[in-house]
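Subject: Structure handover

Hi,

Here is the structure we talked about. Please open it next to this note, and read on for what turned up.

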Amino acid sequence: MTGSTSDAILTVEALNAYYGRAHILSDVALQAGRGEVVALIGRNGAGKSTTFKSIMGLVDDRRGRITFAGNDISRSAPHEIARLGLGYVPEDRRIFTDLTVMENLEVGRQRPREGAPEWTPERLFTLFPNLAEMRGRLGGGMSGGEQQMLTIARTLMGNPLAILLDEPSEGLAPRIVEMMAHAIIGLKAEGQTIILSEQNLHFAGLVSDRAHVIEKGRIRFGGTMRELAADEAVRRAYLTL
Amino acid sequence: MAVLEVSGLTKSFGGVQAVKGVGFSVEAGELLALVGPNGAGKTTCFNMLNGQIRPDAGDVRLAGVSIAGKSPRRIWRMGVGRTFQITATFGSMTVLENIQMVLLSHHRNIHDLWTRATRRHADAALALLDRVGMASQASRPCGVLAYGDLKRVELAMALAGEPRLLLMDEPTAGMAPAERIDLMALTADLVRERGIAVLFTEHDMDVVFTHADRIIVLNRGELIAEGPPAAVRANPHVQEVYLGSGSMYGHAGGKTP
Amino acid sequence: MGFYLVQFLGGLAQASSLFLVAAGLSIIFGVTRIVNFAHGSFYMLGAYLAYTLAERMGGAVGFWSAIALAAVATGVVGVVMELLVLRRLYRGPELFQLLATFGVVLIVQDVALLIWGPEDLLGPRAPGLEGVVRILGRPFPKYELLLIALGPIVLGLLWLLFHRTRWGTLVRAATQDREMTAALGINQTWLFTSVLFVGSLLAGLGGALQIPREAVNLHMDINIVVEAFVVVVVGGMGSVGGAFLAAVLIGLIQAFGILVFPQITLVVVFLFMAVVLVVRPHGLMGRQQATARGAGHVPEAPIHASGMMGRVAAVGLLVVLAALPALFGDYALAVLTEMMILALFAASLHFIMGPGGMVSFGHAAYFGLGAYGAGLLVKHLSGGMVAGLVSAPLFAGLGALLFGWFCVRLSGVYLAMLTLAFAQIVWSIAFQWYAVTGGDNGILGVWPDGWASPRWAFYYLSLVLCAGGVLMLRRVIFSPFGYALRAGRDSPLRADAVGIDVRHLQWLAFTVAGAFAGLAGGLYAYSKGSVFPTLMAIPRSVDGLVMVLLGGVQTLTGPLVGAAVFHALNTEMVRYTDHWRLTLGVAIVLLVVIFPQGIVGTLARLPFFRRKEA
């Protein structure tokens, strides 16, 4: 695998995942260095979400070695992984619709963590100004774009060392997608490590340093965004219709 | 006469107009795509056609007969088949039994308490499965199928009711690229050979531009464009509210939203 | 005027007690999605503990400390139940959790009997609040005023707890999405444990506060849990505010109902619940219950008609059953007859629970209606046994047709509670309408016709009717009707979209199940020679549930095995131990923990029994 970094914060090796009898991930390997933005690119159903869920311990039947910030988390429970500082933003947002914006943020709150940016609601509101005006609003009364911002903000409240960001541009109007790209670039400037999954190559190209391409549960490519842009064969084989 | 004629379709939720005076028609053998941004009213529109939501105003005519406000059950009996965005099949039955179940309902056999259900309509069900390429998996439980295969089963279930109109809600969502092409090509073949009209919503612009005969675009509950793919793609208003600069689809190695 | 005011205040005091218990139940359900049958047992435990502690400590300080300590101790008992039992079942089917909590009910009953004995215990009066105050000239107990104040206070405290503390926020988040809450770093295992503590504490407090009002006894648990369920369901599952509103309404209905309808006091509350549920299917302040994310769900495997092996086994079983009268005496035959009747009863319940996807907490209503169908014919028309056995399923089927129409409009726990309400209504009618039903004296002399009166003859009659009934139900499950019923359960959305009228089918299925339960009830009446209201009381409905769940709701043979095992355990243990409840309760809890899919369901998952996928 190319593009490995010596200062890796998250390393995934030989990850296999199963839903019932279906073998979803085969020997997936990934790496992310501190402060990096790494994209996991692939089509719907390629295994992006399952990869993230497996890393977070949300898939029952998973095998492989996952190391995060020096800890082996391949058998840890989701809450233990989250407490080690790995944040997770699911693709379907999963806002607590009965809770207000501030309460949603409260659920995500964890102690400040050494080596990670420290987030407070006020700092998050500068990153996502829309949210500042709706502190008391119920999650269920927000638009898709607002929910997407809230779900990221909620995870950041845990002051994570790294976050898994599943399809941040999914189902959003192009205008909101642009705002999201700016927010991610802003996070990167803060030194936040981000592993994001995308189908939108353009979006991924805007924000990421490196990319892995996944197809049918296998990693087919790993390299810098520039290398991916130059590799016509990979793009044609795995990313076009 | 058009298979489906929609006119002045309107629906409000709590004072907010979700769909405003939408009208269009679909001909037999035609694939019409309904696209638009999230929250544009596509789902509301769709659910008024299939009977899950009763329109406030406007009419929906199937081959000249009004179906507006009728229950999904009755609309199905009048010849409207559906596939769902998230597949809905009978998980505790085999693939074949799923199709047989639809046929039993279609032939009004479901109040039969005595005969063995699995012995009814087996050949017809198998023929339908064969047509969608699922005959080899006929005896597997639906609960264990791969997602793309479930979509095919759903298509066969929709066809089992001998529909005049097929409503497909994001038919290729969640599928692998090769499967998308196959499924839509299969759908196009089937509707042409049977003279079925198709209305589908879809986020994948590549699927839309490849397979739709015509496209209608919804924004904020209103129809803002209608026409063949090339014209809609070139429409500046549609680009502004939905397609954007074009950077998000149709790239070499681009996006399938 | 004063009379009505005092009556009104009495209703409010009752409402407060009810609210404490119901709030705990509602909170536990909201977060864990567990319908905790043992909640009434915690209430009873709270009362017993408060009694003992108050006796030991004495004095004003002692009394109030006893109440507080009893509440806390009950909370701890709830935690123990969570740690030992519930924790293993969160990902299992909801009904199994229910079965486990029922096991706990039995255990607590016998433990309480062992510790405190069978006599009613009268606790001390509340120091400082012994007397009465005059309200518009009428006496009203001071203690009741305290209770009236306590309801709103607890409501307020709970609101603060849930809306102004981090714990409350986390609990509400976990209520909605367990998995996401975990992914944000929350250890929900402890969250659930703490919720069990709070919920059980409230039940314990409710019970402890009763000691100055009424004698502590062993029947407190079932009485209160049914009432608390009614309150929670009327208010809307998971809604504490709804529980308060419902408790007040029900407290007042009880207080005034006795003035207006002295003859049918028992029915009024259940009628009220039925009306509320028909008008508002999710209770006064409840909302549609989304399935809590992160809760386990196992898709059911397709059913198969018996292969050669299965048929041989079935025929073999029938041959063995037919040969038994040659080997056994009357007592054994009587037990076996009863076992077969219960198997038919369980199979009829399974018919609506399994393929129909409708849980009934009140299936005994139809068993009882069948028995009364036969009994009333004997009593008022001197009808013979054959006529009685025809009238039994008809009578029960008509009842199911009527009640089913309402029930199929609801789903899940709400549906289950409405079935319970109807069962209670039917039971109350049988219990209170002396002129027709004989009340709790029952109907005697319901004997078989001469040709069927020998034990062996009646055994064969039961064998033919029960085996026939079970086989017919099985046949229906494999018919187009049965398939359509399952289709509606698997995916109501898809079923509706292919022209299946799910509600209509469920209604018919409910009626069919009622008729077969009625046949079982009719046979039961003739086997015992009598009919009593207890035939349709809650314990019998629970027995049915236990039998079906024990066997495994997802399998067709499950209910038969469940009925056999349950009845065998029941009768054998009564013979050999005084503490059959304890033994049975422990057995149920162990079975549930060991066989999370039911006995047959679990066996079917073992590789040896698993059908190869084609």
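By the salt-bridge rule, the count over all chains is 29. Keep in mind that this is a predicted model.

**Salt bridges**

Start with Arg210(A) and Glu36(A). Their side chains meet in a salt bridge, 2.5 Å from N to O. Arg210(A) lies in strand E9 (residues 210-215) of chain A. Glu36(A) sits in the loop between strand E2 (22-33) and strand E3 (37-41) of chain A, so the pair ties together parts that are 174 residues apart in sequence. Are these two residues buried or exposed? Arg210(A) is buried, and Glu36(A) is buried too.

Next, go to Arg123(A) and Glu190(A). Here the side chains form a salt bridge at 2.7 Å, N to O. This pair also links distant parts of the chain, 67 residues apart. Arg123(A) belongs to helix H4 (residues 121-127) of chain A. Glu190(A) is in the loop between helix H7 (174-189) and strand E8 (193-198) of chain A. Arg123(A) is partly exposed, with a relative accessible area of 28%. Glu190(A) is partly exposed as well, at 38%.

Now a bridge between chains. Arg494(C) and Glu154(B) join their side chains in a salt bridge, again given from N to O, at 2.7 Å. The pair crosses from helix H20 (residues 492-497) of chain C, which holds Arg494(C), to helix H5 (residues 147-160) of chain B, which holds Glu154(B). Both residues are buried. There is also a network: Arg94(A), Asp177(C) and Glu179(C) are joined by salt bridges that share partners.

**Glu154(B) in detail**

Glu154(B) has a relative accessible area of 1%. The cut-off for buried is under 20%, so Glu154(B) counts as buried. Its side chain makes a polar contact with the side chain of Arg494(C), at 2.7 Å. What else does Glu154(B) touch, once neighbours within four places in sequence are left aside? Its contacts are Arg82(B), Thr83(B), Phe84(B), Thr87(B), Ala88(B), Thr89(B) and Arg494(C).

**Where chain B meets chain C**

The contact takes 37 residues from chain B and 34 residues from chain C. Together the two chains bury about 3100 Å², with 63% of it on carbon and sulfur atoms.

Chain B and chain C share 3 salt bridges. Arg73(B) forms a salt bridge with Asp496(C), where the closest N and O atoms are 3.7 Å apart.

Several elements build the side of chain B that touches chain C. Helix H2 (72-77), strand E6 (80-83), helix H3 (95-106) and H5 of chain B each supply at least two residues. The largest share, 5 residues, comes from H3(B). By type, the residues on this side divide into 16 nonpolar, 12 polar and 9 charged.

**Chain A as a whole**

How many helices and strands does chain A have? There are 10 helices and 10 strands. The radius of gyration of chain A is 17 Å, close to the 18 Å that the globule rule gives for 241 residues, so chain A is as compact as a globular protein of that length. Along the principal axes, its C-alpha atoms fill a box of roughly 50 × 35 × 35 Å. Buried residues make up 58% of the 241 residues. Among contacts in chain A with a separation of 6 or more, 70% come from residues 24 or more positions apart.

**One residue in chain C**

Last, find Trp159(C) in helix H5 (residues 142-164) of chain C. Trp159(C) is partly exposed, with a relative accessible area of 42%. Trp159(C) and Ile115(C) are 44 residues apart along the chain, and their C-alpha atoms are separated by 36 Å.

Best wishes

Methods
Residues are numbered from 1 along each chain as its sequence is written. Chains are lettered from A and ligands numbered from 1 in the order in which they are written. This is a predicted model: local features need pLDDT of at least 70, side-chain atom pairs count only at pLDDT 80 or more; totals for chains, interfaces and linings use all residues. Side-chain values use heavy atoms; hydrogens and water are left out. A salt bridge is a side-chain nitrogen of Lys or Arg within 4 Å of a carboxyl oxygen of Asp or Glu. Helices (H or I, at least four residues) and strands (E, at least two) are DSSP runs, numbered from the N terminus. Buried means under 20% relative accessible area, exposed over 50%, partly exposed in between (1.4 Å probe, protein chains only). Contact means heavy atoms within 4.5 Å. Buried area is the accessible area (1.4 Å probe) that two parts lose on being put together, summed over both. Ala, Val, Leu, Ile, Met, Phe, Trp, Tyr, Cys and Pro count as nonpolar, Asp, Glu, Lys and Arg as charged, and the others, Gly among them, as polar. The radius of gyration is taken over C-alpha atoms; the globule rule is 2.2 Å times the number of residues to the power 0.38. A polar contact is a pair of N or O atoms within 3.5 Å; within protein, one must be able to donate a hydrogen and the other to accept it, and residues adjacent in sequence count only if both atoms are side-chain atoms.
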